[in-house]
Amino acid sequence: AGFFLNQPTIGRGLLLAPGARRDDGVFELVFIRPSSSMKLLTGLWKVSVGREAPGQVVVKSAVAARLSFASPQMVFADGEPQSPTRVVDVGVLPGAFQLLH
(Lines give C-alpha, C1' and ligand atoms only; values in the text may rest on other atoms or scores of the structure.)
Protein backbone atom coordinates (compact mmCIF):
# COMPACT_ATOMS: atom_id res chain seq x y z
CA ALA A 1 0.00 0.00 0.00
CA GLY A 2 1.13 3.56 -0.60
CA PHE A 3 0.04 6.94 0.73
CA PHE A 4 0.69 10.57 -0.23
CA LEU A 5 0.31 12.59 2.97
CA ASN A 6 0.47 16.30 3.77
CA GLN A 7 -0.63 15.71 7.36
CA PRO A 8 0.80 13.37 10.00
CA THR A 9 -2.20 11.06 10.44
CA ILE A 10 -4.80 9.17 8.45
CA GLY A 11 -8.15 7.69 9.41
CA ARG A 12 -8.82 7.85 13.11
CA GLY A 13 -5.38 9.08 14.05
CA LEU A 14 -2.97 6.46 12.69
CA LEU A 15 0.36 8.32 12.68
CA LEU A 16 2.12 7.50 9.40
CA ALA A 17 4.07 10.68 8.64
CA PRO A 18 5.15 12.32 11.92
CA GLY A 19 7.03 15.14 10.17
CA ALA A 20 4.25 16.11 7.73
CA ARG A 21 2.83 19.65 7.77
CA ARG A 22 -0.14 20.95 5.80
CA ASP A 23 1.46 24.25 4.79
CA ASP A 24 5.09 23.55 3.87
CA GLY A 25 4.65 22.49 0.22
CA VAL A 26 6.13 19.05 0.90
CA PHE A 27 4.31 15.74 1.22
CA GLU A 28 5.36 12.38 2.54
CA LEU A 29 5.27 9.25 0.40
CA VAL A 30 4.56 6.33 2.71
CA PHE A 31 4.91 2.78 1.39
CA ILE A 32 3.89 -0.20 3.48
CA ARG A 33 5.44 -3.40 2.22
CA PRO A 34 3.63 -6.72 2.51
CA SER A 35 4.71 -8.58 5.64
CA SER A 36 3.38 -10.50 8.62
CA SER A 37 1.00 -8.75 10.99
CA MET A 38 3.65 -8.56 13.73
CA LYS A 39 6.24 -6.99 11.39
CA LEU A 40 3.63 -4.54 10.10
CA LEU A 41 2.64 -3.44 13.62
CA THR A 42 6.29 -3.12 14.64
CA GLY A 43 7.02 -1.04 11.53
CA LEU A 44 4.05 1.26 12.09
CA TRP A 45 5.06 1.74 15.73
CA LYS A 46 8.62 2.64 14.72
CA VAL A 47 7.41 5.23 12.21
CA SER A 48 4.98 6.72 14.75
CA VAL A 49 7.88 7.46 17.12
CA GLY A 50 10.11 8.88 14.40
CA ARG A 51 12.29 5.83 13.77
CA GLU A 52 12.97 4.06 10.49
CA ALA A 53 11.38 0.70 9.76
CA PRO A 54 13.44 -0.75 6.90
CA GLY A 55 11.71 -3.55 5.09
CA GLN A 56 8.28 -2.68 6.50
CA VAL A 57 7.43 1.03 6.19
CA VAL A 58 9.29 3.50 3.99
CA VAL A 59 8.70 7.27 4.34
CA LYS A 60 10.18 9.78 1.86
CA SER A 61 9.56 13.52 1.49
CA ALA A 62 8.85 15.07 -1.92
CA VAL A 63 7.33 18.10 -3.65
CA ALA A 64 6.27 16.07 -6.68
CA ALA A 65 6.24 12.40 -7.60
CA ARG A 66 5.29 10.08 -10.44
CA LEU A 67 4.52 6.47 -9.65
CA SER A 68 4.27 3.93 -12.46
CA PHE A 69 2.71 0.50 -12.02
CA ALA A 70 3.04 -2.65 -14.14
CA SER A 71 -0.75 -3.07 -14.17
CA PRO A 72 -3.66 -0.69 -13.47
CA GLN A 73 -4.10 0.04 -9.75
CA MET A 74 -7.05 1.46 -7.82
CA VAL A 75 -6.17 4.91 -6.48
CA PHE A 76 -8.03 6.89 -3.82
CA ALA A 77 -7.89 10.69 -3.58
CA ASP A 78 -9.01 12.05 -0.20
CA GLY A 79 -10.78 8.74 0.40
CA GLU A 80 -12.64 8.78 -2.93
CA PRO A 81 -11.96 5.99 -5.47
CA GLN A 82 -10.56 7.06 -8.83
CA SER A 83 -10.40 5.09 -12.06
CA PRO A 84 -7.71 2.36 -12.06
CA THR A 85 -4.51 3.71 -13.57
CA ARG A 86 -0.91 2.75 -14.32
CA VAL A 87 0.52 6.23 -13.63
CA VAL A 88 -0.07 8.61 -10.71
CA ASP A 89 1.33 12.17 -10.67
CA VAL A 90 1.16 14.07 -7.39
CA GLY A 91 2.38 17.52 -6.35
CA VAL A 92 1.68 20.19 -3.75
CA LEU A 93 1.95 23.96 -3.49
CA PRO A 94 3.05 25.65 -0.26
CA GLY A 95 0.15 27.38 1.50
CA ALA A 96 -2.43 26.28 -1.12
CA PHE A 97 -4.57 24.57 1.51
CA GLN A 98 -6.16 26.79 4.12
CA LEU A 99 -8.18 25.73 7.13
CA LEU A 100 -11.17 27.84 8.11
CA HIS A 101 -11.63 28.29 11.85
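How do the residues of the lining of the largest pocket divide into nonpolar, polar and charged? In this predicted model, the lining of the largest pocket divides into 17 nonpolar, nine polar and two charged residues.

**View 1. The largest pocket holds about 1,000 Å³ of space.** Its lining is made up of 28 residues, and those that lie nearest the centre of the pocket are G2, F3, F4, F76 and A77. Two or more residues of this lining come from each of the elements β1, β2 (9–10), β4, β6 (64–73), β7 (76–77) and β9 (85–91).

**View 2. The second largest pocket holds about 210 Å³ of space.** The residues that line this pocket are L16, P18, V47, G50, R51, E52, A53, P54, V57, V58, V59 and K60. With four residues, β5 gives the most to this lining, which by class has eight nonpolar, one polar and three charged residues.

**View 3. Three strands form an open sheet in the order β1-β4-β5, and their pairing is antiparallel.** The edges of the sheet are held by β1 (2–5) and β5, each of which pairs on one side only. If direction is ignored, neighbouring strands of this sheet are turned by 20° against each other on average. Strands of a sheet pair through backbone hydrogen bonds, in either a parallel or an antiparallel sense.

**View 4. A closer look at the sheet shows β1 and strand β4 (residues 27–32) joined in the antiparallel sense over four bridges.** Within this pairing, L5 has E28 in β4 as its bridge partner. The helix α1 packs on the sheet, where α1 touches β4 and β5, and the direction of α1 makes about 35° with that of β5.

**View 5. Residue Q56 lies in the loop between α1 (37–48) and β5 (57–62).** Q56 counts as buried because its relative accessibility is 12%, and the limit for a buried residue is under 20%. Once its neighbours within four places in sequence are left aside, Q56 is in contact with F31, I32, R33, S35, K39 and G43. Of these contacts, F31 and I32 belong to strand β4 (residues 27–32), while K39 and G43 fall within α1 (37–48).

Terms used. Residues numbered from 1 in each chain as written. Predicted model: local features only at pLDDT ≥ 70, side-chain atom pairs only at ≥ 80, totals over all residues. Heavy atoms only, no water. Buried < 20%, exposed > 50% of the residue type's maximum accessible area, 1.4 Å probe, protein only. Contact = heavy atoms within 4.5 Å. Pairing = 2+ DSSP bridges. Axes fitted to C-alpha atoms, helices over the stretch in contact; angles between N-to-C directions. 1 Å grid on protein atoms, 1.4 Å probe; cavity = no way out; pocket = protein on both sides within 12 Å on 5 of 7 lines; lining within 4 Å. Points joined across faces, edges and corners; volume = space filled by probe spheres on them. Nonpolar A, V, L, I, M, F, W, Y, C, P; charged D, E, K, R; others polar.
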